[in-house]
Amino acid sequence: MSFRSAGFRPAAFGSALALALALSTTAVMAQEAPAPVAAASAAAPAAAPASVAEAAVKPGDAAAGQAKAAVCGACHGMDGNSADAQYPKLAGQSEQYIVRQLTDFKSGQRQNPIMLGMATPLSVQDMHDLGAYFASQSSRPGVADQALVEQGETLFRQGDSTRGIPACMACHSIDGRGNPGAMYPQLAGQHAQYVEATLKAWHDGASWGTDTRSQIMPAIAAKLDARDIAALASYIEGLHPAESKPAAAATP
Ligand code: HEC
Ligand code: HEC
């Protein structure tokens, strides 16, 4: 697919455009099941049953997903709140986003040897059930570093127009809950260590695929320096999704 090297433009318009493009390419790619770039040699089988499974796929069933998630718990936590900060929290993440990531790990678009192994045996239905289960759980936020919070909050809410950095909340929402329809992930409460490693990898040129959507974060991360990344990661870890506020703020 075409690689768009053009700089990042106004967030709302750019994201709508990227979404429209990404949705149309996703639909096409699901049909033609392209050979994975790097994992090509290992993963020949799949193609035939995929379209059959696609036709029969039902919306995710969280109860079925919970049983299937037993194997994921070792790293991601049984309820999706991983104890080890190198593994992303999945609790509260949307079903759509989880399905897309598992699909991309399986095809090798998003490259990670551990998750390639975990995603390979999963059917499309398994992915939906797992997604529905983790989406039904609540992310437990961590604590932001006070020394970094101001810089993190400013970047998250306003970006930095002088450096062409868009506000993160334009896509990930003000409370970091994300936008499931557009497959913008929830960030609220995510481990700072994972966020920092992910942003740094994008900064250094990694991407999670070749479609238009996969170019969004590398283009943004390229403009962030190490201090921006540390501040954003810390701020994100301390962000609470809005649903958890009523409990915490329990009307005086
Ligand atoms: C041995 C540890 C391990 C196990 C078991 C494991 N994962 Fe993962 N998972 C990882 C790691 C490491 C990453 C981060 C990969 C990266 O950096 O790109 C990850 C990332 C993910 C992501 C992407 C999350 C995001 O925020 O982008 C999803 C979704 C996911 N795993 C789902 C699952 C599911 C579902 C299972 C069970 C079927 C599972 N994982 C089992 C280690 C594991
Ligand atoms: C134009 C929309 C857009 C903007 C603005 C944006 N993001 Fe993202 N973000 C995405 C998309 C799309 C993904 C999923 C990546 C993919 O599919 O390749 C993502 C993923 C992420 C992830 C990975 C989450 C996970 O669970 O693995 C992090 C971290 C992140 N963004 C941080 C940020 C930060 C920090 C900013 C602000 C500096 C920002 N994003 C601004 C669209 C956006």
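These are my notebook entries on the surroundings of two ligands in a predicted model.

**Ground rules.** I worked from a predicted model, in which local features need pLDDT of at least 70, side-chain atom pairs count only at pLDDT 80 or more, and totals for chains, interfaces and linings use all residues. Residues are numbered from 1 along each chain as its sequence is written, chains are lettered from A and ligands numbered from 1 in the order written, and side-chain values use heavy atoms, without hydrogens and water.

**Ligand 1, shell.** I looked up the residues around ligand 1 and got 19. I count a residue if one of its heavy atoms lies within 4 Å of the ligand. Cys72, Cys75, His76, Tyr97 and Met115 come nearest. By class I find 16 nonpolar, 2 polar and 1 charged residues. Here Ala, Val, Leu, Ile, Met, Phe, Trp, Tyr, Cys and Pro are nonpolar, Asp, Glu, Lys and Arg are charged, and the others, Gly among them, are polar.

**Ligand 1, polar contacts.** I took pairs of N or O atoms within 3.5 Å. His76 puts a polar side-chain atom 2.8 Å from a nitrogen atom of ligand 1. Arg110 has one 2.8 Å from an oxygen atom of the ligand. For Tyr194, I read 3.3 Å between a side-chain N or O atom and an oxygen atom of ligand 1. Helix H4 (73–76), H5 and helix H6 (113–119) each give two or more residues to this shell. H5 has the largest share, 4 residues. I use DSSP runs for helices (H or I, at least four residues), numbered from the N terminus.

**Ligand 2, shell.** I find 24 residues around ligand 2. The closest are Cys168, Cys171, His172, Tyr194 and Met217. The class count is 18 nonpolar, 4 polar and 2 charged.

**Ligand 2, polar contacts.** Tyr194 has a polar side-chain atom 2.6 Å from an oxygen atom of ligand 2. An N or O atom in the Tyr97 side chain is 3.3 Å from an oxygen atom of ligand 2. I then listed the elements with two or more residues in the shell: H5 (95–107), H9 (169–172), H10 (192–203) and H11 (216–221), all helices. H10 gives the most, 4 residues.

**Cysteines.** How many disulfides does the structure hold? I get 0, taking a disulfide as a pair of cysteine sulfur atoms within 2.5 Å. Are Cys72 and Cys171 buried or exposed? Cys72 counts as buried because its relative accessibility is 14%. Cys171 is buried too, at 16%. My cut-offs are under 20% relative accessible area for buried and over 50% for exposed, with partly exposed in between (1.4 Å probe, protein chains only).

Technical notes
Polar contact = N/O pair within 3.5 Å; in protein donor to acceptor, adjacent residues only side chain to side chain.
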